[in-house]
Amino acid sequence: MGMTYVQKVLAKACGKDSVAVGDVVEPKVDLAMSHENGALVMTQFQEIYKGTTLEPNVWNPDNIAIIFDHRVPAESAKTATNQKRLRGFVGDQKIGKFHDVRGDEGGICHQILPEMGYVRPGTVVVGTDSHTTTHGALGAFAFGIGATEMAAVWALGKVLNVEVPGTIRVVVNGQFQELVGAKDLILNLIGKITAEGGNFKVLEFHGEAIKNMPTSGRLVVSNMSVEAGATAGMMPPDEETLRYLKEEAGVDESFELMAPDADAEYDRVVEINASELAPQIACPHRVDNIKPIDEVLGTHVDQIVIGSCTNGRLDDIEIAASILKGKKVDRSTRMLIFPASWRIYRRAMREGYLADLADAGAVICNPGCGPCLGVHQGALGDKEVALATTNRNFKGRMGNPMAEVHLCSPAVAAASAMTGTITDPRGVR
Amino acid sequence: MSKVVYKVEDDVSTDIIYPGRYMATVLPTETPQFAFADDDAFNGKLKAGEIPAGSFIVAGQNFGCGSSREQAASCLKGHEVTIVAKHFARIFLQNGINLGLPMVICPDVEADEGDELALEGNVLKNVTKGTEFAVTALPPARQAIIDAGGLIAFTRARLLKEQG
């Protein structure tokens, strides 16, 4: 019997000819990423060595990435102290891929890893962040783990006791309508299979709408695969993957392009026709509470956020600027823009997008995770309603359990900024 | 035999168990104060020490969905409660195993707050209601981590074997 894409990647990472679903394996890790929670990983890592005569040194400093993004610049003395401890560890251990609070190379981890060329097709990537699924867009088996599990990875260079997951094959054919795209697709899929439909499984994406989608969009789809509970959201690599790596990530190497076998066995196949998709909205307080935009048009929103590891990329900001240029953010609402990295920030500045958005009344914030998880800037007031291009709308998510969050695409967010209510972007430009 | 002290619905996220705004606090010794922080009543009982060790929290499907924050597991571990759920989300389940949080996968569990539960092998008994439910055993690969006393001890043993 043939293998799915994740089976292929895991077999390679374990030095085996094949692996079967349910096998327990210990894959070699190619990239291990942490953000500020690296402070806890560090504590647990040192704990592993207690009572032994072994030196607490990481298995390979070049394969570890530490990126400050959750609370930057530090919002509290506690965070600043944790960041300081981590800087010390990074220096002592000579961690190779460190991104500090800097305007030249800082940003959100799930944008930094792809844009720096740290992620390669067919590799194993783990991160102490659930949205590590993002990197499946480049053909890696990328999944989130906890801090203690990462401490074990830092020590051993492999993940212990991984069960080879089953796979749901998602086939997306057709062509998106104008201003409908990757975000609407993944929201629709999460609504279809529910927040636990992918638990312990991998989503493997195929079809002409995926083939025609730029990597910036694929990153959105893989990023939010975890909201269906999936371990990973994987795109077998293709010409577009190679283009992105070469042109945008500066990776000048050749890769073996692995693909699932034609006779691979899938747990389930889900088909979606992109041509039929309207803009989708995830309504409070569940990411799988999905409605087509028609059902929520006119809902007043107090705060609109464009940004995060999901939708803070250059084309997201470009779409928003193209809709809001020469217009105004309605005074019944407020709008915040958080680019996903400083590279994106600087490009959006040079292209004039940030000026267009600020002229319209939006506030441009520094790249970071802040408002998405309610830890840093952009908190909601009691009974306020937000519309955000972020990835979760759980109760309390944007810093206030008395508030509500709706999730949408950048085009919906920008169109809605002009009215202060949820507005269909189709036809506004 | 211990009481069900808290019953929650399906899809309880890590933002409910450990709200994001407390994420700057990471040490397992400090996280328990923020367990279910947005539920003043239950969080208050936990902090006041009114929840005896071994008490049960009963949940539905997909408990612990969302972020990978390990605080969600460590804050519950600190209160020595046992989580019974119809099913757990993957990362939470692994974090709980790694830290030694007692968890019971019980797909058909039915229990209300105040019920007395007893875990006997692979059967969970609701003593109050006179019902019993099958418990799904963890796969051996995960049970091995629990048996070793958590992932820190498991990894230490592995390191000593490989490098010692």
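Predicted model: local features only at pLDDT ≥ 70, side-chain atom pairs only at ≥ 80, totals over all residues.

Trainee: Okay, chain A. How many helices and strands has it?

Mentor: Chain A has 14 helices and 18 strands. Its radius of gyration is 21 Å, close to the 22 Å from the globule rule for 429 residues, so chain A is as compact as a globular protein of that length.

Trainee: What share of chain A counts as buried?

Mentor: Of its 429 residues, 61% are buried. Take the contacts in chain A between residues at least 6 apart in sequence: 77% of them join residues at least 24 apart.

Trainee: Where are the domains in chain A?

Mentor: Domain 1 covers 5–272 and domain 2 covers 280–417. Their centres, taken over C-alpha atoms, are separated by 24 Å. The contact between them takes 32 residues from domain 1 and 28 residues from domain 2.

Trainee: Which elements give two or more residues on the domain 1 side?

Mentor: Helix H4 (109–115), helix H6 (182–193) and helix H8 (215–223) of chain A do. H6(A) gives the most, with six residues.

Trainee: Switching to strands. Which way do the residues of strand S3 of chain A point?

Mentor: S3(A) spans residues 64–67. A:Ile64 and A:Ile66 point one way, A:Ala65 and A:Ile67 the other way. All are buried.

Trainee: What does S3(A) pair with?

Mentor: Strand S2 (residues 31–34) of chain A runs parallel to S3(A), joined by three bridges. A:Ala32 has A:Ile64 as its bridge partner. Between S2(A) and S3(A), the chain crosses through helix H2 (residues 38–48), and this β-α-β crossover is right-handed.

Trainee: Which strand does A:Ile66 bridge to?

Mentor: A:Ile66 has its bridge partner, A:Phe98, in S4(A). Strand S4 covers residues 97–99 and pairs with S3(A) in the parallel sense over three bridges. Here too there is a β-α-β unit: S3(A), helix H3 (residues 77–93) and S4(A), right-handed.

Trainee: What about helix H5 of chain A, how many of its residues are buried?

Mentor: 10 of its 10 residues. H5(A) covers residues 147–156. Among the buried ones are A:Glu149, A:Met150 and A:Trp154.

Trainee: What covers them?

Mentor: Parts of both chains. From chain A, the cover includes S2, H2, S3 and strand S5 (124–127). From chain B, it includes helix H4 (90–99) and helix H6 (151–163).

Trainee: And just after H5(A), what does A:Gly157 do?

Mentor: A:Gly157 takes a positive phi of about 75°.

Trainee: On to chain B. What is the order of its elements from the N terminus on?

Mentor: They run β-α-α-β-α-β-α-β-β-β-β-α-α. That makes six helices and seven strands. The radius of gyration is 16 Å, close to the 15 Å that the globule rule gives for 164 residues, so chain B is as compact as a globular protein of that length.

Trainee: What order do the strands of the chain B sheet take?

Mentor: S4-S3-S2-S1-S5-S6-S7, in an open sheet with mixed pairing. Strand S4 (103–105) and strand S7 (131–134) stand at the edges. Each has a single partner strand, so one side of each is left without a neighbour in the sheet. From one strand to the next, the twist averages 30°.

Trainee: Are S6(B) and S7(B) parallel or antiparallel?

Mentor: Antiparallel, over four bridges, with S6(B) at residues 123–126. B:Lys125 stands opposite B:Glu132 in S7(B).

Trainee: Last one. How many residues does each chain put into the contact between chain A and chain B?

Mentor: Chain B puts in 39 residues and chain A 47 residues. On the chain B side, helix H1 (14–17), H4, helix H5 (140–147) and H6 each supply at least two residues. H6(B) gives the most, with eight residues.

How values were computed:
Residues numbered from 1 in each chain as written. Chains lettered and ligands numbered in written order. Rg over C-alpha atoms; globule rule 2.2 N^0.38 Å. Buried ≥ 20, exposed ≤ 12 C-beta atoms within 10 Å, placed from the backbone. Pairing = 2+ DSSP bridges. Right-handed = clockwise from strand over helix to strand, strands pointing away. Contact = placed C-beta atoms within 7 Å. Axes fitted to C-alpha atoms, helices over the stretch in contact; angles between N-to-C directions. Domains from an automatic or database assignment.
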